[in-house]
Amino acid sequence: MALLPVKFDLKKRVKLAQTVWFMYWFAVLAGVLVLSMGLFFKIELRKRSELMDNNESHFLPNLLILMGLIACSINVFGGKVCYDSLDPDKFAKWKPMLKTYLVFCVGFNALLLVTAVLCFLMRIPMQFTLAEGLRNGMRYYKDTDTPGRCYMKRTLDLMQIEFRCCGNDNYRDWFEIQWVSNRYLDFSSKEVKDRIGSNVDGQYLMDGVPFSCCNPSSPRPCIQAQMTNNTAHYSYDHYTEDLNVWKRGCRDALLFYYGGMMNTIGALVILVTMLEASVTVGMQYVHSSLCNLANPEDPESESEGWLLEKTVKETFTDIMDKMKSMGKGIKVEEGEPVVETVS
Amino acid sequence: MLLKITFTQQRRVRLAQGLWLMSWLAVMSGAFIFCLGVYLKTELLRRAEVMDNTEIHMVPNILMMVGLVSIGTNWVATRVCQDSLDASRFPRWKLLLMAWFAVAMLLCCLLLAVVVLSYALQGRLEESLKVGLRNGIRFYKDTDVPGRCFQKETIDRLQMEFRCCGNNNFKDWFEVQWVSNRYLDFTSKDVKDRIRSNVDGRFLLDGVPFSCCNPASPRPCLQYHLTDNSAHYSYDYQAEELNLYSRGCRQALTDYYMEMMNSTGPGVLSVILIQMSVLVSLRYLQTAVEGATALEDPEGESVGYLLEKGVKETFEDVKANVLDILKFAQVDPSAAEGSPGAEDAEKPADNTTEKAASPTPSPAS
């Protein structure tokens, strides 16, 4: 009892082969799409690798690129086989390979599905990478004279302006680190000496933020320094002031940005998986219909195509038996000298 | 005959097929010109708040109009090509083709005019930006006045995006009060001093808004007391270059728009070339097919040409035809009126005899 059998005459077979060939070309384009999405994601990660401490995992984009390449190649092969399937001579040379090819396709589809799930899950490790990277980045903000870190200030400023965010969790993160370089501090002034003396590490901490945290939508010119001191500015209450600097933290902003990108890529990979599954099913029907001609000598006779030769349960037990016999075969080979002595 | 070429039947067929393909290419290029016009217009509209007049909008408007007309015109050309090899259907296009040539020539001239205009209007664009930016800077502080409350945000975003400060440079901010009175403590000595220091009673600072700050500066941004060297540690106002953006916004915006229009120049020129070649090929096709239908053997050789007579003769012919039409229009009402009409009719007749063109019969003998 075959699974989902369908009767085919010559005309139906030809139509099926043409449709599946057409679908294989779409699948090639889908493979190219997956490849380009992987490349795009890799480039986006590279662009901001400084903010992630150069520590970010490129596993997902590399996997997408690999899947895209494999998808392209197997779909091109499948298209060629479909094209040849209408000519019995040409098809004869592909016949022996088809069974392994179809098994490989099924495995590949499963891998694609796993990739799609990974796209949605990668958000979690990215959160930790971003938190760590931003914290270190902010520490190096002032080191514009240290080779290797001299561009951190510019990178952070441009990022805060572009993503409309301030600090790691919020703007108060800037209060806890020294972001003004010692080169621009007058150590003979009383104010500087007070601030340095006020904490254990001797750092110049202020309740101020860099200019890139400023929100252009604020009705009043930006207040960057002495933010917690209500008397330092006219008509200012730092508890109610919410338009002055960006309220969102940069970790959340970047996570939202990359998360959105990964969700879109994940959704597209799921669509590509569905397309691949359908071309595999189509190819299986083409293969089975051409292998079971009613009259093997007459290529125009009727035939029956199916999804699986036996039902799902029987196929499963067949596979288990095959694996067991393979395992027994290995055991018998090892145990042969023992058997001989016993007999 | 000007530039004549003999066409066999096969060559005519080839010409029609090639022209059909080229006409579709010309339709695509018409769509491209339209999209280019839309893109330019959107970019100009985005910054409409800092522009005083809309003269520069002439360039994208002409591009859009030319794009649409070009799509229609070249589509007509494809229909003509399809009918050209069918002797029964071609004659109905005869009258339309004359108009078609005129429209195609007009399109090419308009496209050339656009290229010239985009250079010529640079001065007007700068003027418009100068006035617009000056107003933007003046109204920066008016975040509570309806109609002007977004000027601050617009100018801040503009300065950050284009990496510029002020109109000509950052000193423009020293001459304007950009801090609203709502945030000034009028009881403080500093505020009272500053207000008294100038005639209009404005609170002027030697400071700039935060959007002028340059992220590439190695030191945290210095916005206030810019001319006072002693206000900041290790600071020299004359030598400091990276603290703020040194470019003025007028210059930045003009450069941006000029670069955009210059980069579209080669595209527009190639579209002119495509349109001209479609025009020339269609003229050859028309004359060759008409010549072939006049022969006894429609499949034989015929001659295609650009102009039936030489350039000067054709020009005289066209002028005479146009004047005929004008005179015809004038004679009709004058015949009803009698002598005043006859006087009017005499004048154009005198003009034509003066110009010594081909002889035209004087209507009012």
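How many residue pairs are in polar contact between chain B and chain A? The count is 7, with both residues of each pair at pLDDT 80 or more. The structure on screen is a predicted model, and the tour below begins at the contact between its chains.

**Stop 1: the interface**

Select chain A and chain B together and display the residues at their contact. Chain B supplies 25 residues to this contact and chain A supplies 25 residues. Between them the two chains bury about 2400 Å², and 66% of that area lies on carbon and sulfur atoms. On the chain B side, select Tyr183(B), Phe210(B) and Pro215(B): these residues lose the most area to chain A, and together they account for 26% of what that side buries. Next, colour the chain B side by residue class; the residues touching chain A divide into 14 nonpolar, 4 polar and 7 charged. A search for salt bridges between chain B and chain A returns a count of 0.

**Stop 2: the nonpolar core**

Move to chain A and select Leu156(A), Trp174(A), Val209(A) and Met283(A). Within the largest nonpolar core, which holds 73 residues, these four touch the most other members. Then show the helices of chain A that give two or more residues to this core, among them H1 (10-47), H2 (59-84), H3 (88-121) and H7 (250-291). Helix H7(A) gives the most, with 15 residues.

**Stop 3: Thr280(A)**

Remain on helix H7 of chain A, where Thr280(A) is found. Is this residue, Thr280(A), buried or exposed? Thr280(A) counts as buried because its relative accessibility is 7%, under the 20% limit. Display its side chain, which reaches the backbone oxygen of Glu276(A) at 2.7 Å. Leaving aside neighbours within four places in sequence, the residues in contact with Thr280(A) are Leu102(A), Cys105(A), Val106(A) and Asn109(A).

**Stop 4: two residues with positive phi**

Select Gln226(A), in the loop between helix H6 (190-197) and H7 of chain A. Its phi is near 55°, a positive value in a residue other than glycine. At 38% relative accessibility, Gln226(A) counts as partly exposed.

Finally, turn to chain B and select Arg163(B), which lies in the loop between helix H5 (151-162) and helix H6 (189-196) of that chain. Phi of Arg163(B) is likewise positive, near 55°, and the residue is not glycine. With a relative accessible area of 47%, Arg163(B) is partly exposed.

Notes:
Residues numbered from 1 in each chain as written. Chains lettered and ligands numbered in written order. Predicted model: local features only at pLDDT ≥ 70, side-chain atom pairs only at ≥ 80, totals over all residues. Heavy atoms only, no water. Contact = heavy atoms within 4.5 Å. Buried area = accessible area lost by both parts, 1.4 Å probe. Salt bridge = Lys/Arg side-chain N within 4 Å of Asp/Glu carboxyl O. Polar contact = N/O pair within 3.5 Å; in protein donor to acceptor, adjacent residues only side chain to side chain. Nonpolar A, V, L, I, M, F, W, Y, C, P; charged D, E, K, R; others polar. Core = buried A, V, L, I, M, F, W, Y, C linked by side-chain atoms within 4.5 Å. Buried < 20%, exposed > 50% of the residue type's maximum accessible area, 1.4 Å probe, protein only. Helix = DSSP H or I, 4+ residues; strand = E, 2+ residues; numbered from the N terminus.
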